[in-house]
Amino acid sequence: ISGFYTTEPVLLKKSGYIFDKKTIQNYLKKFNKCPITGISSNILDLIDCKNLTINKPFFKTRLDIVSIVQILEEEIRSLIINYFQVKQNLIITRQELLRSLYQNDSSYKTIIFLIKENNKLKKILNRVLAAV
């Protein structure tokens, strides 16, 4: 219901859903029904679940505002570093692209020059052959 990790999971046997014990107890006291299915239920319908304490998320103990701000700062720093790396890669890629474009342009200019020279030489050769 709260969206937070539960340390005390309980099963609501009428609906089959698992909830945080304190949260669902408060909800059942007020509404007497499952918050998801709407099936009539009470506190006696709760069954304690066994819980492994191995894989608890770090948010379990870091729910205060200061900790959340610190987490967000870490994420922002990480994003800034990633942005910097992407920007550096963009600069390198632009330089490589410009180099390739200049090489391509130079190649075209050289080919055009050679075609013109070839045409001039063909004209000269044709004149010489016509004169002989």
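Y27 and F31 are 4 residues apart in helix 1 (residues 21–31), so about one helical turn separates them. Helices (H or I, at least four residues) and strands (E, at least two) are DSSP runs, numbered from the N terminus. The model is predicted: local features need pLDDT of at least 70, side-chain atom pairs count only at pLDDT 80 or more, and totals for chains, interfaces and linings use all residues. Residues are numbered from 1 along each chain as its sequence is written, and side-chain values use heavy atoms, with hydrogens and water left out.

**Aromatic pairs**

- The structure has 2 aromatic pairs, where rings of Phe, Tyr and Trp (its six-membered ring) pair if their centres lie within 6.5 Å; planes under 30 degrees apart count as stacked, over 60 as edge-to-face and the rest as tilted.
- Y17 and F19 make a tilted pair, at 6.5 Å centre to centre and 45° between the planes.
- Y17 is partly exposed, with a relative accessible area of 36%, whereas F19 is buried at 6%; buried means under 20% relative accessible area, exposed over 50%, and partly exposed in between (1.4 Å probe, protein chains only).
- The pair of Y27 and F31 is tilted because the ring centres are 4.7 Å apart and the planes are at 40°.
- F31 is partly exposed, with a relative accessible area of 46%.

- An open sheet is formed by 3 strands in the order 2-1-3, and the pairing is antiparallel; two strands pair if DSSP finds at least two bridges between them.
- Strand 2 and strand 3 are at the edges with a single partner strand each, so one side of each has no neighbour in the sheet.
- From one strand to the next, the twist averages 40°.
- Strand 1 and strand 2 run antiparallel and are joined by 4 bridges.
- Within this part of the sheet, L12 is opposite Y17 in strand 2.
- Helix 1 packs on the sheet and touches strand 1, strand 2 and strand 3, and its direction makes about 100° with that of strand 2. Axes are lines fitted to C-alpha atoms, for helices over the stretch in contact, and angles run from 0 to 180 degrees between N-to-C directions.

**The loop between strand 1 and strand 2**

- S15 lies in the loop between strand 1 (9–12) and strand 2 (17–20).
- S15 is buried, with a relative accessible area of 19%.
- Apart from neighbours within four places in sequence, S15 is in contact (heavy atoms within 4.5 Å) with C34, T37 and I39.

**Salt bridges**

- There are 4 salt bridges, each a side-chain nitrogen of Lys or Arg within 4 Å of a carboxyl oxygen of Asp or Glu.
- One of them joins D45 and K14 at 3.6 Å, N to O. This pair links distant parts of the chain, 31 residues apart: D45 is in the loop between helix 1 and strand 3 (46–48), and K14 is in the loop between strand 1 and strand 2.
- D45 is buried at a relative accessible area of 8%, while K14 is partly exposed at 45%.
- Another joins K21 and D48 at 3.5 Å, N to O. Because K21 lies in helix 1 and D48 in strand 3, the pair ties together parts that are 27 residues apart in sequence.
- K21 is partly exposed at 23% relative accessible area, and D48 is exposed at 55%.
- D105 and K109 also form a salt bridge, with the closest N and O atoms 3.4 Å apart. They are 4 residues apart in helix 2 (residues 65–131), so about one helical turn separates them.
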